[in-house]
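Here is a short tour of a two-chain model. Keep the sequence and the 3D view open while reading.

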Amino acid sequence: MSEPITPTRTYYSVFAALIALTLVTVAVSFVELGAWHTTVGVLIGVVKASLVGLFFMHLLHSSKASWLAVLAGLFWLSILMALTLSDYLTRPLLQY
Amino acid sequence: MSTNHSILAHHFADLDQQRETETFGMWLFLSTEILIFGAVFTCYTVYRLRYPHDFEAASAKLNVLIGSINTIVLLSSSLTMALSVHATRVGRQQMLLTCLLLTILLGGTFLGLKVLEYYKDYKDNLVPVLAFKPEEWTQVQGEQGPVQPQRVELMLVFYYVMTGLHAVHMIVGMGLLIWLVVEARKGLLTTVRYMPVEVVGLYWHFVDIVWIFLLPLLYLTGTHHAADLHF
């Protein structure tokens with residue numbers, strides 16, 4: 001059982017969604033959002049990255065081993081970010 | 001069966017196991033790539049949270065038009081890469097060659113625009129050490145008082161390290177694509193031996209995903225105005 005062949009129609013639909021989301025994210029940067037630009041931009045980025053991963057990179061039909069590698073990478077990234085930020089974000093709380 | 005035997009390495013039971021291993025191997029490599037880029041993204045986050053207004057002031061000077069066009073160019077190259085995989089799977093050799101060459105062309109367009117952008121950054125005094133004038137920044141007001149030139153320089157260093165590391169990955173990807181073109185012209189990429197295209201595709205899409213996050217983090221912080229849209 002080799003992986004199923006993704007039809008071109010799927011690729012074109014995903015591409016259209018990616019371009020639409022890019023235009024949205026650039027358009028939003030012209031709206032007055034104060035400090036929220038990065039949050040909105042990264043959230044749209046997560047949606048775009050998920051589309052690329054699931055459809056272009058065929059994660060939708062990938063084996064559990066591939067998912068394990070992806071999730072391990074993201075899990076270690078979350079450790080890296082959480083431990084580093086738990087240090088730097090709490091330093092102002094310290095009184096010397 | 002004869003073609004199957006010739007491409008099946010002796011240490012695999014069958015082609016399916018070999019293909020799964022090849023996919024898994026590339027994903028393992030990409031999980032280490034997540035951590036390479038993740039380390040830089042984490043450093044960026046630490047300083048971004050510490051100096052938000054200085055980082056936004058520097059980001060506002062970057063070329064948002066070239067950055068946005070490059071995003072669309074790179075997403076298009078991901079589409080042609082995905083179509084290359086499809087062409088290989090269904091055995092359409094001419095479509096495969098066309099899609100691979102289009103991917104190389106779009107990747108080259110991205111890098112060309114990036115070089116143009118770096119040149120414009122140099123002209124605009126946005127290169128730390130080489131071309132940077134602290135006095136231009138002392139008059140710039142952030143939301144909480146004037147920005148500090150050293151912090152602006154720090155943001156620009158992140159910009160060059162992150163886009164530079166990304167560009168290096170693009171150049172590697174272009175090399176892999178050229179290798180695929182050579183293989184395709186020899187007729188070595190077939191409905192049975194399609195994994196080279198699939199695996200290079202995984203790498204190419206990963207580099208695309210990195211850029212998807214670089215766009216909001218580097219170019220789209222703070223509010224833009226219509227006057228920012230220029231080459």
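A:His58 is buried, since 21 other C-beta atoms lie within 10 Å. Buried means 20 or more other C-beta atoms within 10 Å of the residue's own; exposed means 12 or fewer; partly exposed lies in between; C-beta atoms are placed from the backbone. A:His58 is not a glycine, yet its phi is positive, about 60 degrees. It sits in the loop between H2 and H3 of chain A.

B:Val129 also is not a glycine, and has a positive phi of about 70 degrees. Its place is the loop between strand S1 (126-127) and strand S2 (131-132) of chain B. B:Val129 counts as exposed, with 8 C-beta neighbours inside 10 Å.

## About the model

This is a predicted model, where local features need pLDDT of at least 70, side-chain atom pairs count only at pLDDT 80 or more, and totals for chains, interfaces and linings use all residues. Residues are numbered from 1 along each chain as its sequence is written, while chains are lettered from A and ligands numbered from 1 in the order in which they are written.

## Chain A

Chain A has 3 helices and 0 strands. The pattern along the sequence is α-α-α. Its radius of gyration is 19 Å, well over the 12 Å that the globule rule gives for 96 residues, so chain A is more spread out than a compact globule. That radius is taken over C-alpha atoms, and the rule is 2.2 Å times the number of residues to the power 0.38. Helices (H or I, at least four residues) and strands (E, at least two) are DSSP runs, numbered from the N terminus.

The C-alpha trace of chain A spans about 65 × 40 × 10 Å along its principal axes. Of its 96 residues, 26% count as buried. Chain A splits into domain 1 (1-62) and domain 2 (63-96). The bounds come from an automatic or database domain assignment. The C-alpha centres of these two domains lie 23 Å apart.

## Helix H1 of chain A

H1 (residues 8-28) of chain A has 21 residues. From first C-alpha to last it reaches 30 Å, close to the 30 Å expected at 1.5 Å a residue. The expected span is 1.5 Å times one less than the number of residues.

Which residues of H1(A) are buried? They are A:Tyr11, A:Val14, A:Phe15, A:Leu18, A:Thr22, A:Thr25 and A:Val26. Seen down the axis of H1(A), these fall within an arc of 105 degrees, so they line one face of the helix. The arc is that of the directions from the helix axis to the C-beta atoms. On the other side of H1(A), A:Arg9, A:Ala16, A:Ala20 and A:Ala27 are exposed. The buried residues pack against helix H2 (37-56) of chain A, together with helix H4 (64-90) and helix H8 (195-219) of chain B.

## Where the chains meet

In all, 43 residues of chain A are in contact with 41 residues of chain B. Contact means C-beta atoms, placed from the backbone, within 7 Å. H3(A) gives the most to the side of chain A that touches chain B, with 14 residues. By class, that side has 26 nonpolar, 15 polar and 2 charged residues. Ala, Val, Leu, Ile, Met, Phe, Trp, Tyr, Cys and Pro count as nonpolar, Asp, Glu, Lys and Arg as charged, and the others, Gly among them, as polar.

## Chain B

Chain B has 8 helices and 4 strands. Buried residues make up 39% of its 231 residues.

Definitions and conventions:
Contact = placed C-beta atoms within 7 Å.
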